[in-house]
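Me: I have a structure open and want to go through it piece by piece. Can you take my questions as they come?

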Amino acid sequence: MTDSSIEALNQKLDRLIEAVTRLAPPPVPETDLGEADCFVWQADPGYLEPVRKVNRVDIGLIRGVDRVRDILVDNTERFAAGYPANNVLLWGARGMGKSSLVKAVHAEINARTKSDLPLKLIEIHREDIDTLPKLMGLLKAARFRFILFCDDLSFDHDDTSYKSLKAALEGGVEGRPANVIFYATSNRRHLLPRDMIDNERSTAINPSEAVEEKVSLSDRFGLWLGFHKCSQDEYLDMIDGYISHHGLVIDPEQLRAEALEWATTRGSRSGRVAWQFTQDLAGRLGKPLKD
């Protein structure tokens, strides 16, 4: 074989190697749990992506939910200290600060303790719930303690991934790792559509057993914290808190009138509506909001 033939063959082999390399999956990034206090679980390829700037509000700005706030703080504080604590389901009216409270409580506990091993918050997306056992296996040997957080958790018809969640929370052979707790928010207390439960009842040989299968998912959460629609006074108190925090200056009577009109046009009163009004007001006043 001539030198030119060998060179041509080498070039073809190089191109083949490049093509095969492009087809191979990228290496899984290594997770440094000390890099941040918050992470997002990327189920494919299976690593924790650090979040350095978390989208959250100060716990003092979350109004109208004082009782459930105190319960969640107490449960989280006990867990961070290494004592027994419960999985938590925060359910109820939309826009009342369920997910905001979870993130705010996490920050509050870390600010209080100032430990060398801060509490970690990991968000897992609803569509990745069936990978929860894999994530727990990754975390159980770590020296940190973790809140696994799933926002807007619910299940649709023909969705069987709730069985993975049941097993991961309490029912598996290994059980939930001692350094992991699960917090979820939902608009539904039982996480499954009512007609789905009713259909199971109507077609089952033993209707009560079918219903128990569906409802038992919520039973895996030791704490159910209900969020209900706020009153007009609570809604205005939320806005007053935002206005004061962000240093917006406006006549109190004008503020009240505009805030009530905003709620009327939206057809509801909630923390989310109060925040949206605050953003609109700051824009009209030409004032930036604090980070």
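This is a predicted model: local features need pLDDT of at least 70, side-chain atom pairs count only at pLDDT 80 or more; totals for chains, interfaces and linings use all residues.

Me: Which helix is aspartate 240 in?

Reply: Aspartate 240 lies in helix H8, which covers residues 232-246. The C-alpha atom of aspartate 240 is separated by 9.0 Å from that of leucine 255, 15 residues apart along the chain.

Me: And what does isoleucine 239 touch, leaving out residues up to four places away in sequence?

Reply: Isoleucine 239 touches Leu255, Ala259, Ala274 and Phe277. Ile239 is also among the residues with the most contacts inside the largest nonpolar core, together with Leu72, Leu101, Phe227 and Tyr235. That core has 45 residues, and helix H8 contributes the largest share of it, 6 residues.

Me: What other core is there?

Reply: Another core, of 29 residues, lies apart from the largest one. Its members include Trp41, Ile122, Leu153 and Ala184.

Me: Now the sheet. In what order do the strands run?

Reply: The 7 strands form an open sheet in the order E2-E1-E4-E5-E6-E3-E7, with mixed pairing. Strand E2 (47-51) and strand E7 (223-227) are the edges, each pairing on one side only. On average, neighbouring strands are turned by 25° against each other, direction ignored.

Me: How many helices go with those strands?

Reply: The protein chain has 10 helices and 7 strands.

Me: Which helices pack on the sheet, say around E5?

Reply: Helix H2 (residues 66-80) lies across strand E3 (88-92), E5, E6 and E7, and runs at about 150° to E7. Helix H4 (residues 132-139) also packs on the sheet, touching strand E1 (38-42), E2, strand E4 (120-123), E5 and E6. The direction of H4 makes about 165° with that of E5.

Me: How do E5 and E6 pair?

Reply: Strand E5 (residues 146-150) and strand E6 (residues 180-186) are parallel, paired over 5 bridges. Phenylalanine 146 has valine 180 as its bridge partner in E6, and isoleucine 147 stands opposite isoleucine 181.

Me: What joins E6 to E3?

Reply: E3 and E6 run parallel and are joined by 4 bridges. Tryptophan 91 stands opposite serine 186 in E6.

Me: Why call E6 largely enclosed?

Reply: Because 7 of the 7 residues of E6 are buried, the strand is largely enclosed by the rest of the structure. Val180, Phe182, Ala184 and Ser186 are on one side, and Ile181, Tyr183 and Thr185 are on the other. In a regular strand, side chains alternate between the two faces of the sheet.

Me: What share of the whole chain is buried?

Reply: Of the 291 residues, 41% count as buried. As for contacts with a separation of 6 or more, residues 24 or more positions apart account for 74% of them.

Me: Which helix gives the most to the lining?

Reply: H3 gives the most, with 8 residues. Helix H3 (98-113), E6, H8 and helix H10 (271-285) each supply at least two residues of that lining.

Me: Which residues have a positive phi although they are not glycine?

Reply: Lysine 114 has a positive phi of about 50°, and aspartate 152 has one of about 60°. Lysine 114 is in the loop between H3 and E4, while aspartate 152 is in the loop between E5 and helix H5 (162-171).

Me: Are those two buried, partly exposed or exposed?

Reply: Lysine 114 is exposed, with a relative accessible area of 69%. Aspartate 152 is partly exposed, at 48%.

Terms used
Residues are numbered from 1 along each chain as its sequence is written. Side-chain values use heavy atoms; hydrogens and water are left out. Two strands pair if DSSP finds at least two bridges between them. Axes are lines fitted to C-alpha atoms, for helices over the stretch in contact, and angles run from 0 to 180 degrees between N-to-C directions. Contact means heavy atoms within 4.5 Å. A nonpolar core is a set of buried Ala, Val, Leu, Ile, Met, Phe, Trp, Tyr and Cys residues joined through side-chain atoms within 4.5 Å. Buried means under 20% relative accessible area, exposed over 50%, partly exposed in between (1.4 Å probe, protein chains only).
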